[in-house]
Amino acid sequence: MSRLNGVVDTGVEHIRRWLGVLRDDLMTARVDPLPPSTWLRWLPHGVVWIVGVVLTIVGAVQLTDQAGLDLGYSMLLGVGQGCAAVLALRRPVPGLWLSLGATLAIAVLTRRMLMAGQIDGFAWPWTAWAVVAHLLVLLLVALRVPTRVSVEALVLTGLFTYALQGLWGAWNHTPTGQVTVALSAVVVVLGIALRGRREARVELGRQATLTAEERARRTLLEERSRIARELHDVVAHHMSVISIQAQVAPHLVQDPPDELRENLAGIRQNAVEALTELRRVLDVLRSEHPAADDDHDPADGRAPHAPQPTLDRLAALVENTRAAGLTVTTEVTGARRPLPPGVELSAYRIVQEALSNVLRHAPGATAHVTLAYGRRALRVEVVNTAPTREASPSAGARHGLLGMRERAVMLGGTLTAGPWSGRGYRVEARLPVSAPSATDPLPQDGTA
């Protein structure tokens, strides 16, 4: 007995839950407007308005001429059926109820005429124009509400038709219930399919946007990791020099005091510890792409663990670019001198990436590289003329600008890139450097 009571309680709970779902789905007046079409904008809305006006007029005329109803009742019912389609544009569920209500009123009034024998062979319970209006309402409902609600609207239409034609019935009429329910099922399935197609297209566009953003973010992170590895190599070189100098310094002084030995030993120990930490960081960075460690850099043909390039290798870079088919000229202004390793490396990479972009995106163009040495900044400029032919599509277009800008900003500089001289392009970076002091050694070529 207790088990039976439990089953009954469970069934009652399920019924209450379903009734709650139906109440939330069908007893609502929430706004759910039909969005404008992608290509035709507001044309579908205008078509629905026109159809609503036509249905109002046709319905009123049919009820007056064929059903013999008073003109006032006919106009009121025609307006109700036409307004149901227009209302469904913004509030689909209330539009459904208005369509069913207008159809019920028409069925009640025309049934009295049929039962009295005043009219014969009239379409009942759905008139022809009422069927068209209700199908339009169902289509708008299926386009705007979830599939569950669309199916509920179809079931409600079937039960409504069965109650009028099957249970209540009338004489001397042409039954239209079966045709109406069948057409309603077709329209609802069509609306559900169109709504699913639209949602799939929107989701595809959103996924494409997320993929593009993720690709750009991954490119930026990869370039930052590469910059971090290169900075490690630069800093590790100096820390190694500090460690060696601290170890050798006591031997360069006759009878150095114990305090000096201890300080130099502490400096060397700190340098060794810092170098160890740097190597650990490098191991973490390189472990993200272990397969790439065995490859060679395609840009300059060096292994990843080779010393980082400086502007001394600029001539070799230009020659390699010329061998690839690009006409490149160079110009150096100002007093050439050794720069901090980070500045030399960033300037080299910016020129390298800019020339690679010219090769990829401006076939047939010529490029000009300018290095302008100033007291407090190095200006790097790469300009190219207009391409002579169309470039082949490239998935990584403009991602190199992210890395160049990161390098410039990392050093406290700036980088600008944009069109130049018609269809040409220009990349200019300003990299701050320390002003040379009186004790700085002169460059090997003897310039100041």
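The questions and answers below concern a predicted model.

User: How many helices and strands does the chain have?
Analyst: The chain has 448 residues, and 37% of them count as buried. Among contacts between residues at least 6 apart in sequence, 74% join residues at least 24 apart. The secondary structure of the chain comprises 11 helices and seven strands.

User: What share of the accessible surface of the chain belongs to carbon and sulfur atoms?
Analyst: The accessible surface of the chain comes to about 25400 Å². The part that belongs to carbon and sulfur atoms is 62%.

User: In what order do the five strands of the open sheet lie?
Analyst: The edge strands are β3 (327-333) and β6 (414-420), each of which pairs on one side only. The twist averages 10 degrees from one strand to the next. The pairing in this open sheet is mixed, and the order is β3-β4-β5-β7-β6.

User: Which residue of β4 is the bridge partner of V332?
Analyst: Strand β4 covers residues 366-373 and pairs with β3 in the parallel sense. Seven bridges join β3 and β4. In β4, the bridge partner of V332 is L371.

User: Which helix packs on the sheet with a direction at about 10 degrees to that of β5?
Analyst: Helix α9 (residues 314-323) lies across β3 and β4, and it runs at about 160 degrees to β3. Another helix, at residues 341-361, touches β3, β4, β5 (377-384), β6 and β7 (424-432). The helix whose direction makes about 10 degrees with that of β5 is α10.

User: What distance does helix α4 reach from its first C-alpha to its last?
Analyst: Helix α4 spans residues 92-115 and has 24 residues. Just after α4, G117 takes a positive phi of about 80 degrees. The reach of α4 is close to the span expected at 1.5 Å a residue, and both values are given as 34 Å.

User: How far apart are the end C-alpha atoms over residues 96-114?
Analyst: An unreviewed UniProt entry places the feature "transmembrane region" at several stretches, including residues 71-89 and 96-114. Over residues 71-89 the chain is 89% helix and 0% strand, with end C-alpha atoms 28 Å apart. Over residues 96-114 the chain is 100% helix and 0% strand. The end C-alpha atoms of residues 96-114 are apart by 26 Å.

User: Is S150 buried or exposed?
Analyst: S150 is located in helix α6. Leaving aside residues up to four places away in sequence, S150 touches V141, A142, V145, V188 and I192. The relative accessibility of S150 is 1%, and the cut-off is under 20%, so S150 counts as buried.

User: What is the relative accessible area of N172?
Analyst: N172 is found in the loop between α6 (147-168) and β2 (173-175). Its phi is near 55 degrees, a positive value in a residue other than glycine. N172 is partly exposed, since its relative accessible area is 40%.

Conventions
Residues are numbered from 1 along each chain as its sequence is written. This is a predicted model: local features need pLDDT of at least 70, side-chain atom pairs count only at pLDDT 80 or more; totals for chains, interfaces and linings use all residues. Side-chain values use heavy atoms; hydrogens and water are left out. Two strands pair if DSSP finds at least two bridges between them. Helices (H or I, at least four residues) and strands (E, at least two) are DSSP runs, numbered from the N terminus. Axes are lines fitted to C-alpha atoms, for helices over the stretch in contact, and angles run from 0 to 180 degrees between N-to-C directions. Contact means heavy atoms within 4.5 Å. Buried means under 20% relative accessible area, exposed over 50%, partly exposed in between (1.4 Å probe, protein chains only). The expected span of a helix is 1.5 Å times one less than its number of residues. UniProt positions are given in the numbering used here, feature names are shortened, and annotations may be inferred rather than shown by experiment. Accessible areas come from the Shrake-Rupley method with a 1.4 Å probe; for residues, only the protein chains shown count as cover.
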